[in-house]
Every structure is written in C-alpha cells, then in structure tokens.
Amino acid sequence: MKMSEFMQNCSACGGNWGAMLLTGIKRVFPDKYEEVKSHYNSMDFSGGGIKPFCYLCDWLTENGIVED
C-alpha cells in the first residue's frame, strides 16, 4: 500500500503525528494495533518524541507501506 493510501485511513490528532499514524494502523492493521500502540507508548518521548515517531515510520515500512 502506498503511504498516500495509508494516510487516507488516518485521523488528524491535533498535530500529534504519532497518534495520527496510530489511527491508521488501527484501521489497516487491527490485529497488530495493540502491540504497536503499547510499544510506542512505552518509548522515551524526550527530545521532541522523534524516536517513537521513527519507530512508527519504520514499522509501517516493514509492514508494506511504501513511499508514493
């Protein structure tokens, strides 16, 4: 699936990109959502939360979401 198609499954979350990606993961990968959400929420959000956000981006790539 292309990223633009995946993004159509996401809901805006007040500028929180990580939370937005999680809404898409919940819709596209419902069986994996709780595991991803739990890992994401357990991560260190210092430094602007870039590591948790990168985790989600890497996870999406590993699970077949590709750039347009």
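The model is predicted, with local features requiring pLDDT of at least 70 and side-chain atom pairs pLDDT 80 or more, while totals for chains, interfaces and linings use all residues. Residues are numbered from 1 along each chain as its sequence is written, and side-chain values use heavy atoms, without hydrogens and water.

The chain contains four helices and zero strands (DSSP runs of H or I with at least four residues, and of E with at least two, respectively, numbered from the N terminus). Its radius of gyration, taken over C-alpha atoms, is 11 Å, close to the 11 Å given for 68 residues by the globule rule, so the chain is as compact as a globular protein of that length (the rule is 2.2 Å times the number of residues to the power 0.38). The C-alpha trace spans about 30 × 25 × 20 Å along its principal axes. Of the 68 residues, 28% are buried (under 20% relative accessible area, with a 1.4 Å probe and protein chains only).

Helix 2 (residues 17–28) and helix 4 (residues 50–62) have axes that come within 9 Å and cross at roughly 30° (axes are lines fitted to C-alpha atoms over the stretch in contact, with angles from 0 to 180 degrees between N-to-C directions). Helix 2 and helix 4 are therefore roughly parallel to each other. In contact (heavy atoms within 4.5 Å), Trp17, Gly18, Leu21, Leu22 and Ile25 of helix 2 meet Phe53, Leu56, Cys57, Trp59 and Leu60 of helix 4.

Note on methods:
Angles under 35 degrees count as roughly parallel, over 145 as roughly antiparallel, 65 to 115 as roughly perpendicular and the rest as oblique. Buried means under 20% relative accessible area, exposed over 50%, partly exposed in between (1.4 Å probe, protein chains only).
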